[in-house]
Each structure stands twice: as C-alpha cells, then as structure tokens.
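I opened this model to look at its fold, its interface and its confidence. My notes follow in the order in which I looked things up.

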Amino acid sequence: MNRKTLAAAFPVTVPVLMGYLAIGMAFGLMLQSAGYGVGWALLMSLTIYAGSGQYLGVSLLAAGAPLGQVAFLTLMINFRHLVYGLSMLEKFRGMGPRKLYMIFSLTDETYALLSSARPPAGIAPHNFYFTVAMLDHSYWILGSVLGSLLGSALGVDTTGVDFAMTALFLVIAVGQWKKAGSHLPALLGAGITLVSLLLVGQEEMLLPALALIVIALTLLRPRLEGREEEPGPGKREEEPQCR
Amino acid sequence: MPLTPVESLLSIAVMAGVTFLTRALPFLLFDRGEKPPRVVLYLGRVLPPAIIAMLIVYCVRGVTFAAPAGWVPTLLAGLAAVLLHLWKGNDLISIFGATGLYMVLVQGVFG
C-alpha cells in the first residue's frame, strides 16, 4: 500500500469512516453490556467483520445459543452476500493472494464503494480496491474498540442500548421497502415469524420461521419472479449507508 | 454471560467461518463462468427483505402487554426509527435517535 494509493482511496472511504465509527461503537457498547469486554470486541470485529451479523451475534452470545443455531442464523442474515460476490467476480480476478482478503472484507459498505468508485488515473485498480477494503475494516475495528472502552470507562447506564439492533433492522427494512418491486416477501417474513412466535415460543421461534419463509418464497416464485425486476444499475445506486 | 470463554470462542469462530463462507460461495461456485441457477438469483433477491422482517419480529419478541412499560417504549422508539428514516433518510440519525429515545424511555420515563 503506497502513499499515493492511500491518498486516492481515503477520501472515497470517509462516509464509511463516519458510519463504521458510529455503528461499531454501538456494537462495542452492546457487547460490553452483555458482559464481553474490549478483547472480545476486537476479536469479533477482526475475524467476523459484519455489521448486522455482529449485532445478532451479541444477542446469540447473551442468550447462550447452541452452535447449530448460531451457524444457521449467521448464514441467513448474510445470504445477501451471495449477490454481492456475483457482481465482484470480474473485479477481483487476478488479485492473487489479496483476493482472499477482498472476499473476506466484502461488507455492504465496501461493496457499495467498490461498485461505484473508480480508481483515479495512475493508480493500479487492484491496489486501490485493496486499500479501500483495508481502510473500511480498520474503521470498523476502531469503532468497536472505542465503543467497548467507552462503555467500561464512563460507567454509563447502558440499559436499552440493545435497541440499536432493532433500529438498524428497521432502517434496513425501510430502505428495502422503498426499493422493492413487491412487498410480499417482507410481509410474509413478518407474518410467518409472528405465527412462529405465538405457536413455538421465544426460544425456538427462528428455525421454523426460516424454514417456512424459504419454502413459501420458493413456492411463490412463479408469482414473484416477474415482479421482482433484475437489480439493474439504476436500482443499485442508492445503497444503504450502514447495515 | 451464560457461555464459558471457550464456548464463546467457539461461537465466534462459527460466526466468522459462516460469514466468510457466504462471501466466498459465489467465487467458489461461479468463478469459472458458469451462470448461477435462476432459483439462487431469485432467492438472493427476495430472501433479504423477508429475513430482515423476521429479525425485527425476533428483536421485539420480549414485548409484553400487561403494563405500558412492556410495550410503549418499543412502539415509540420503533416508530421514531421509521419516521426519522422516512424524513431524513440518514441511517445514523435514525438509529441513534431511536436508540437514544428508547434508553430515555426505559431508564427514565418507565424505569
């Protein structure tokens, strides 16, 4: 990573810097209030590196969820990455060992930057992408460590800070609702989960809900396939700032 | 902390491994030019809104209706998140505004 590439990449990442510091700090605070200190925040942000995934991770750790449930929920909440990877196949080709890191660090925000930002003339595109990815990751780690330290140092009453997770998901849902061709998937997801909560209860509600959602959406494919347009360039441009 | 440190480490390792797997899967399966099956692309589009809706219900699963303190803070803060987001369209304002309101409600007003 040379200075010229850094100077070109940094301005592009400033919005992510603001977002990741804030969302990362909320994560650190939440983790702290669940009884996990700064070392855990550092470890999770270094190795997992996923906004909504780590928010969910806090509640899974706090609930002592079994590993199978942890694996399945992490898989589901990260399902959208499948779509991201598909559109980065060309961009990452020929990056050698750095490609592994590019794949690891393909968060919503880095995806948004990489799909829109163009490397300036004179900067090797692959170095530019790699630098953007590393900067974003470092902001996320910094934010979560700061949040964790702040939570323990200030000794503030953090009761209720876990609502940040609900708020984050609501914000994502509003963004998806505005872009969606059909609102049926979102309504179906909420409805099925509510029924599962009432029938199965708080502890075991998620797995039956997930299974039913996948089955229902697969059955509805003939009906939904036409209405959910392929996400063209126009639909992609308004990427959510943070997830 | 219901988990031991070793159990916590295992959970985090599973989260990290599965997260990497979801990011790597397209590269493992389709990097040689094969077209992904249409049903995968379809689920990739319709599943995320359904999953997020599911997680919102999961987040508010602890709501009770015996006393106002059991549901009013969640309702007001949830409304605040949605309305702030429709109004300003800024993720940070929506998330921190709603969370701040919720903390004031559960600690002060209904505390």
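Why does B:S11 count as buried? I counted its surroundings: B:S11 has 23 C-beta neighbours inside 10 Å, so it counts as buried. The cut-offs are 20 or more other C-beta atoms within 10 Å for buried, 12 or fewer for exposed, and partly exposed in between, with C-beta atoms placed from the backbone.

**Ground rules.** This is a predicted model, in which local features need pLDDT of at least 70, side-chain atom pairs count only at pLDDT 80 or more, and totals for chains, interfaces and linings use all residues. Residues are numbered from 1 along each chain as its sequence is written, while chains are lettered from A and ligands numbered from 1 in the order in which they are written.

**B:S11.** I placed B:S11 in helix 1 (residues 5–30) of chain B. Helices here are DSSP runs of H or I with at least four residues, strands are runs of E with at least two, and both are numbered from the N terminus. I then listed what B:S11 touches, leaving out residues up to four places away in sequence: A:L60, A:L61, A:L67, A:V70 and B:L3. Contact means C-beta atoms, placed from the backbone, within 7 Å.

**Chain A overall.** I found 13 helices and zero strands in chain A. Its radius of gyration, taken over C-alpha atoms, is 19 Å. That agrees with a compact globule, because 243 residues would give a value near 18 Å. The rule is 2.2 Å times the number of residues to the power 0.38. The C-alpha trace of chain A spans about 60 × 55 × 30 Å along its principal axes. Of its 243 residues, 45% count as buried.

**Interface.** I get 72 residues of chain A in contact with 59 residues of chain B. Helix 9 (residues 163–179) of chain A gives the most to the chain A side, with 13 residues. That side has 49 nonpolar, 18 polar and five charged residues. Nonpolar covers Ala, Val, Leu, Ile, Met, Phe, Trp, Tyr, Cys and Pro; charged covers Asp, Glu, Lys and Arg; the others, Gly among them, are polar.

**Core.** The largest nonpolar core has 98 residues, and A:F169, B:A50, B:I56 and B:A98 have the most contacts inside it. Such a core is a set of buried Ala, Val, Leu, Ile, Met, Phe, Trp, Tyr and Cys residues joined through C-beta atoms within 7 Å. Its largest share, twelve residues, comes from helix 2 (residues 38–59) of chain B. I followed B:I56 across to chain A: beyond four places in sequence, B:I56 is in contact with A:T166, A:F169, A:L170, A:A173 and A:A190.

**Helix 10 of chain A.** A:A190 is one of the buried residues in this helix. The cover over its buried residues includes helix 9 and helix 11 (206–219) of chain A, together with helix 2 of chain B. A:G201 follows helix 10, with a positive phi near 100°.

**Confidence.** Chain A has a mean pLDDT (the predictor's confidence in each residue, from 0 to 100) of 86. I see 92% of its residues at 70 or more. Over residues 230–243 of chain A, pLDDT stays under 50. The model has 22 contacts beyond four places in sequence for that stretch.

Methods:
Two residues are in contact if their C-beta atoms, placed from the backbone, lie within 7 Å.
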